[in-house]
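Colleague: I have a structure to go through with you. Can we take the helix packing and the charged pairs in turn?

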Amino acid sequence: MRLLFSIGAVLVAGMFAGGDVAGIAAPGPKFESPKNEPQRPAVDRDAQMVDVELVLAVDVSYSMDMDELAIQREGYAQAIQSKEFLQALKLGPNGRIAVTYFEWAASSDQKIIIPWRLIDGPETADAVAAEILKTPIRRASRTSISGAITFAMPLFDEDPYRGLRRVVDISGDGPNNNGGPVTVARDAALEKGIVINGLPIMVKEPSYSTMDIDNLDFYYEDCVIGGPGAFVITIKDRGQFKEAIRTKLLMEVAGRTPERPVMRVADKEPRVSCLIGEKIWSDRWGR
């Protein structure tokens with residue numbers, strides 16, 4: 001299924017109207033803390049509870065040009081500050097989320113831009129947005145989605161807050177071509193109760209120099225995302241960057257899922273090989 005929303009505001013409008021919005025279903029299952037987690041006093045637990053722990057994992061590989069990287073940064077900053085985002089935030093049972101933002105490329109190249117931050121209103125949202133925008137933009141070699149997922153998993157253990165859901169949000173413009181197989185990393189995250197959503201970026205025609213592939217959205221659906229209500233929002237035009245990012249964040253904050261979510265069947269062959277990136281790299285460079 002290819003899921004592309006035309007306007008993020010529709011989501012919030014539907015939630016406030018009290019009815020279902022086309023393409024949006026009920027909130028997904030809640031994350032349950034492990035039974036052996038130390039018990040904290042009720043007051044302390046309440047102060048630390050958030051609606052979602054959200055990891056934003058953003059691709060900065062060389063296949064992303066500087067203009068795309070700038071638009072991507074601005075898209076996240078503006079989405080977090082938007083009226084729709086702040087309205088969706090207040091609809092949650094706790095009215096706040098915890099978010100961390102890191103950029104990734106090769107399997108050993110991940111850089112945290114925003115450590116865990118609480119967003120509970122306009123002031124904290126503005127502070128996070130400003131922090132995203134002030135960091136110099138960088139680019140790096142290779143594309144390791146598996147490395148990004150592996151890096152993201154222990155971040156939840158470092159989060160001082162406890163969410164009803166745990167979500168990793170992966171954005172990128174190409175398949176995994178470095179590090180371990182992406183399906184192994186994905187499945188390890190799913191075993192921990194983590195949901196992985198995807199934002200495949202398909203604004204350029206596939207070319208030899210960038211190692212892009214056709215049907216990157218299928219690749220993300222079959223090989224990258226997973227967990228209850230996992231979804232993909234595809235960007236096929238530069239003008240859709242900011243709108244798609246805002247829509248994606250609105251859905252994640254509100255705990256909404258597509259009406260027709262991507263359903264993975266264990267014995268179903270993926271439409272695009274989950275090792276296609278590794279094969280392209282091997283064929284081209286002989287390693």
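**Helix packing and charged pairs**

Modeller: Arg186 has a relative accessible area of 3%, so Arg186 is buried. Keep in mind that this is a predicted model.

Colleague: What arc do the buried residues of α8 cover around the axis?

Modeller: The buried residues of α8 are Val182, Ala185, Arg186 and Ala189. They sit on the same side of α8, because their arc around the axis is only 100°.

Colleague: Which exposed residues does the face of α8 turned away from its buried side carry?

Modeller: The buried side is covered by elements including α6, β7 and α9. The face turned away from it carries Val184 and Glu191.

Colleague: How many residues apart in sequence are the parts that Glu53 and Arg166 tie together?

Modeller: Glu53 and Arg166 form a salt bridge, with the closest N and O atoms 3.2 Å apart. Glu53 lies in strand β2 and Arg166 in strand β6, so the pair ties together parts whose separation in sequence is 113 residues.

Colleague: Is Asp222 buried or exposed?

Modeller: Asp222 forms a salt bridge with Arg271, and their closest N and O atoms are 3.0 Å apart. Asp222 lies in helix α9 and Arg271 in the loop between α10 and α11, so the pair ties together parts 49 residues apart in sequence. The relative accessible area of Asp222 is 6%, so Asp222 is buried.

Conventions. Residues numbered from 1 in each chain as written. Predicted model: local features only at pLDDT ≥ 70, side-chain atom pairs only at ≥ 80, totals over all residues. Heavy atoms only, no water. Buried < 20%, exposed > 50% of the residue type's maximum accessible area, 1.4 Å probe, protein only. Helix = DSSP H or I, 4+ residues; strand = E, 2+ residues; numbered from the N terminus. Arc of directions from axis to C-beta. Contact = heavy atoms within 4.5 Å. Salt bridge = Lys/Arg side-chain N within 4 Å of Asp/Glu carboxyl O.
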